[in-house]
Amino acid sequence: MFDTAKSILKRDPAAKSLMMVILTYPGLHALGYHRLSHWLHLQHHPLFAAIVARWSTKRTGITIAPGAQIGRRVFIDHGVGVVIGETAVIEDDVTILHGVTLGARGQTNGLRHPHVEPHSFIGAHAQLLGAITIGRHSKIGANAVVIKNVPIYTTAVGNPARLIQHASFEKKTHTNDDI
């Protein structure tokens, strides 16, 4: 979690010190509670996992289901109203703004929630619904409703979301990091 706090300090111009991030950022606190809740989930203690997750929601305003898989250095900025579903996967170095939902679209079995690849940015109140993939280095605009996959280096905006290819990606040659 210390690594996450240092990452937030680098990414958030409002953060004045590492101590400020550690003591006052609800997104960091929610991720800490989630680590415990997820561990309990993996140890087959669903009631205790759910209790920790519920307590975290009440304390931070951020709902993260115990089964969600969250990588390193994830930054949930402001956080109030963020909901992350049970089968969601969020990889490393993702930024999520307030009011975002990573939800299901009615399926009841298997993977039901989005998979967000590394270095992606999800704008305020965006809704990512279903078993979709948000490609690495992608950006989801504020209030976008995304129900289809978003390729790497692509921006999705609007309702329903339309895709905008980054100009820099069109000229760029692929590296191993892009595949």
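1. Which residue does Arg73 form a salt bridge with, its closest N and O atoms being 3.2 Å apart? That partner is Asp3. The two sit in distant parts of the chain, Arg73 in the loop between strand 2 and strand 3 and Asp3 in helix 1, 70 residues apart. Bear in mind that this is a predicted model.

2. Arg73 also has a salt bridge to Asp93, with 2.7 Å between the closest N and O atoms. Here the link runs from the loop between strand 2 and strand 3 to the loop between strand 5 (89-90) and strand 6 (95-96), 20 residues apart. Both Arg73 and Asp93 are buried.

3. Searching the whole structure turns up three salt bridges. One of them pairs Asp3 with Arg72, where the closest N and O atoms are 2.4 Å apart. Asp3 is in helix 1 and Arg72 in the loop between strand 2 and strand 3, so this pair ties together parts 69 residues apart in sequence.

4. On accessibility, Asp3 counts as partly exposed at 30%, and Arg72 is partly exposed too, at 48%.

5. Now helix 3. Its 17 residues (26-42) should span 24 Å at 1.5 Å a residue, and the end C-alpha atoms are 24 Å apart, which agrees.

6. What do the buried residues of helix 3 pack against? The list is helix 1 (2-11), helix 2 (18-24), helix 4 (46-60), strand 1 (63-64), strand 2 (69-70) and strand 3 (75-76). Among those buried residues are Leu28, Leu31, His34, His38 and Leu40.

Conventions
Residues numbered from 1 in each chain as written. Predicted model: local features only at pLDDT ≥ 70, side-chain atom pairs only at ≥ 80, totals over all residues. Heavy atoms only, no water. Helix = DSSP H or I, 4+ residues; strand = E, 2+ residues; numbered from the N terminus. Expected span 1.5 Å × (residues − 1). Buried < 20%, exposed > 50% of the residue type's maximum accessible area, 1.4 Å probe, protein only. Contact = heavy atoms within 4.5 Å. Salt bridge = Lys/Arg side-chain N within 4 Å of Asp/Glu carboxyl O.
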